[in-house]
Amino acid sequence: MTELADTVLPLIRTRADLHRWRAADAHGGQMHEAVDILEEAATGDDPADVFAVTQKALASSLTLIMRADDSSGIIGGAIRRLLALHPTVAERAGVAPAKLVDWMIDFQFHNRCDFFTIDPVAYAPALGDVGMARYRTRLDAIRAGISPPPPPDDWRDPDRHERSRLEYNDRRLAVFDRDLDAVIRTHARDQKRAAWLEDTAEALAEIGEYDLAIDWAHRASLHDQGHQALTASETWCNLLAAHRPEDLLAARTEVFRRWPSSTTASRLYGAAGDEWSALSAEVTATLSDQPRDAVAFSLFTLDDPRRAWEQARALRLSPDDSLWLDLIKRYEKIDKLAVLDPLVGLVDAELEYTGVGHYKAAARHLKRMRTIAKGTDRASSVDELIADLREDNRRRPRLQQEFDKAGLP
């Protein structure tokens, strides 16, 4: 093997048991180191060597992830980086188009690990006109060899994988061809899902049809009230920000009114600029029906802990809401004794449940309360609370143990 292969491949390959996610995460970190080395080598080393090592690293990675617990996505992230690098190094290495087409077809249609896709558009510079024509011919041969699609009410489809890959390639090749009608037909499909309309918008933007992309993204956002439409609304706003910024504020206002939350309010605030004063009252009134969003918006976006504190009390933010921890941290600098009451609420919420995690959290809150109250007239009442909790929970020995570890009386 070459020096590059000797450096990179041992970081990719392993016989270790990766069924435990900690081991998988650690090995995934090594794999990212390997990709770092390859990415650096791609700019100066022998292109043929870099391509060969990249392809071997990919093959080993795909075998490896099939037996790994990649819950954190670290190994998958390294593989995606390798896949992004592959077409670039293939072009630099001048890989024969026929050889590259064979690899692309095998990767998509004959690969046991079908977790990943490749983009034929990215490979176009390496394939050239002859290679792209050959690739299309191979796709057509696969298409001719599969059965017609089953009826809509029949879930059984022996060619489901091939059909899915062909449809994906149809979408990407429509983008490569810059064929407006084909882009809309292949991406929007029957237009029954907001995500498909958003896909259409993104593809149209990719070929420079920005006004159409904006229109399709807006249509996607209006499709329904679901999460796909909400996601599409962000695509719509991002397209407006990039290509029609004068329309962004109206769009952000529309999105907030459809999906009022601290997130959409924050984005509206960011777009409003000097016009925020005209919108502030509406946002405040709308979010008052959602205490957590109202408090989060005031605390994190407006950076106003006093306002957030007043809202938390007035709107009756749930005493077990974890947002209190952020609010307490900020408001303690304004009025430290005031935060003792919500801390009591957090302690009570933890002790509604059994389990060492809840006991430790309750002990942390009580220890913090003692620190805050030290030297004030509230110190004795905090210690009395702890004594009462010990008595009320005398049959919870593990809780008593955690209280002892925290140094509580």
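Good morning. The place of Q191 is in the loop between α8 and α9, the latter spanning 194–206. Its phi is near 60°, a positive value in a residue other than glycine. Please keep in mind throughout that this is a predicted model.

Why does such an angle deserve mention? Most residues other than glycine have a negative phi. R178 also has a positive phi, near 55°, and is not a glycine. R178 is found in the loop between α7 (160–177) and α8 (180–188). With a relative accessibility of 52%, R178 counts as exposed, because the cut-off for that class is over 50%.

I now turn to another loop residue, D157, which lies between α6 and α7. Is D157 buried or exposed? Its relative accessibility is 14%, so D157 counts as buried. The D157 side chain reaches the backbone nitrogen of D159 at 3.0 Å. Leaving aside neighbours within four places in sequence, D157 is in contact with P150 and R163.

Let us move to the nonpolar interior. In soluble globular proteins, nonpolar side chains tend to be buried together. Here, the largest nonpolar core has 53 residues, and those with the most contacts inside it are L38 and I79. Which helices supply at least two residues each to this core? They are α1 (3–12), α2 (21–41), α3 (47–65), α4 (74–93), α5 (97–109), α6 (120–144) and α7. If residues up to four places away in sequence are not counted, L38 touches L4, V8, V50, V53, T54, A57, L82 and L85. Apart from this core lies another, of 32 residues, including L343, L366, I372 and A373.

The next topic is the aromatic residues. A pair of aromatic rings is described by the distance of the centres and the angle of the planes. How many aromatic pairs does a search of the whole structure find? The search finds 8. In one of them, Y269 and F297, the ring centres are 6.3 Å apart and the planes stand at 85°, so the pair is edge-to-face. Y269 lies in helix α13 (residues 262–272) and F297 in helix α15 (residues 291–301), so this pair ties together parts that are 28 residues apart in sequence. As to accessibility, Y269 is partly exposed at 32%, whereas F297 is buried at 2%.

W309 and Y331 form an aromatic pair that is stacked, with 4.1 Å from centre to centre and 5° between the planes. This pair links distant parts of the chain, 22 residues apart: W309 belongs to helix α16 (residues 305–314) and Y331 to helix α17 (residues 323–331). W309 is buried, with a relative accessibility of 7%, and Y331 is buried at 10%. Elsewhere, W103, F107 and Y123 form one aromatic cluster.

Finally, I come to charges placed over rings. The charged end of R219 sits over the ring of W216, at 4.0 Å from the ring centre. Likewise, R258 has its charged end over the ring of W259, 4.7 Å from the centre of that ring.

Q191 has a phi near 60°, and R178 has a phi near 55°. Thank you for your attention.

Definitions and conventions: Residues are numbered from 1 along each chain as its sequence is written. This is a predicted model: local features need pLDDT of at least 70, side-chain atom pairs count only at pLDDT 80 or more; totals for chains, interfaces and linings use all residues. Side-chain values use heavy atoms; hydrogens and water are left out. Rings of Phe, Tyr and Trp (its six-membered ring) pair if their centres lie within 6.5 Å; planes under 30 degrees apart count as stacked, over 60 as edge-to-face and the rest as tilted. Helices (H or I, at least four residues) and strands (E, at least two) are DSSP runs, numbered from the N terminus. Buried means under 20% relative accessible area, exposed over 50%, partly exposed in between (1.4 Å probe, protein chains only). A charge sits over a ring if NZ of Lys or CZ of Arg is within 6 Å of the ring centre and within 35 degrees of the ring normal. A nonpolar core is a set of buried Ala, Val, Leu, Ile, Met, Phe, Trp, Tyr and Cys residues joined through side-chain atoms within 4.5 Å. Contact means heavy atoms within 4.5 Å. A polar contact is a pair of N or O atoms within 3.5 Å; within protein, one must be able to donate a hydrogen and the other to accept it, and residues adjacent in sequence count only if both atoms are side-chain atoms.
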